Amino acid sequence: MSIITWIIVGLIAGALAKWLMPGNDGGGWLATCGLGIAGSFAGGFLGSLLGIGASGFVGTIVVATIGALVLLFIYNRFIR
């Protein structure tokens with residue numbers, strides 16, 4: 001996928017991650033969407049390394065959301 005697509009998917013994944021893991025994140029929606037973009041890149045990269053390529057738009061959203069959830073958890077647990 002192109003980088004623009006991963007950014008758009010990352011914004012969606014960040015919103016989904018915020019919805020699935022609510023709480024006081026300090027940065028609000030903007031930081032969560034940034035983590036979603038980073039999570040989509042990380043999830044896409046790790047998925048391609050492991051051979052778990054996301055097929056279709058829904059698979060891409062799932063992989064990006066899982067990446068965003070992991071980064072949001074790390075952010076809430078260790079950085080904040």
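Visitor: Which residues of α1 are called buried?

Guide: In this predicted model, they are Trp6, Val9, Gly10, Ala13, Gly14, Ala17 and Lys18. The label requires under 20% relative accessible area.

Visitor: What do the buried residues of α1 pack against?

Guide: Their partners are α2 and α3, the latter spanning 56-79.

Visitor: How do you know how α1 compares with the span expected of it?

Guide: Take its 18 residues, 3-20. At 1.5 Å a residue, 26 Å is expected. From first C-alpha to last, α1 reaches 25 Å, which is close.

Visitor: And how does the reach of α2 compare with the expected value?

Guide: Helix α2 has 23 residues and reaches 32 Å. The expected figure is 33 Å, so the two are close by the 1.5 Å a residue rule.

Visitor: Which residues of α2 are buried, and what covers them?

Guide: Thr32, Cys33, Leu35, Gly36, Gly39, Ser40, Gly43, Gly44 and Gly47 are buried. Their cover includes α1 and α3. After α2 comes Gly51, with a positive phi near 80 degrees.

Visitor: Why is Ala42 placed in its accessibility class?

Guide: Ala42 sits in α2, residues 28-50. Its relative accessibility is 30%. That value falls between the 20% and 50% cut-offs, so Ala42 is partly exposed.

Visitor: What is the volume of the largest pocket, and which residues are closest to its centre?

Guide: The volume is about 180 Å³. Eleven residues line the pocket; closest to the centre are Gly43, Leu46, Gly47, Val63 and Ile66. The elements giving two or more residues to the lining are α2 and α3.

Visitor: How many lining residues of the largest pocket are nonpolar, polar or charged?

Guide: Eight are nonpolar, three are polar and none is charged. Gly counts as polar in this scheme.

Visitor: How confident is the predictor, and where is confidence lowest and highest?

Guide: The protein averages a pLDDT of 77, and 86% of the residues score at least 70. Confidence is lowest in α2, at a mean of 78, and highest in α1, at 80.

Note on methods
Residues numbered from 1 in each chain as written. Predicted model: local features only at pLDDT ≥ 70, side-chain atom pairs only at ≥ 80, totals over all residues. Heavy atoms only, no water. Helix = DSSP H or I, 4+ residues; strand = E, 2+ residues; numbered from the N terminus. Buried < 20%, exposed > 50% of the residue type's maximum accessible area, 1.4 Å probe, protein only. Contact = heavy atoms within 4.5 Å. pLDDT = per-residue confidence, 0-100. 1 Å grid on protein atoms, 1.4 Å probe; cavity = no way out; pocket = protein on both sides within 12 Å on 5 of 7 lines; lining within 4 Å. Points joined across faces, edges and corners; volume = space filled by probe spheres on them.
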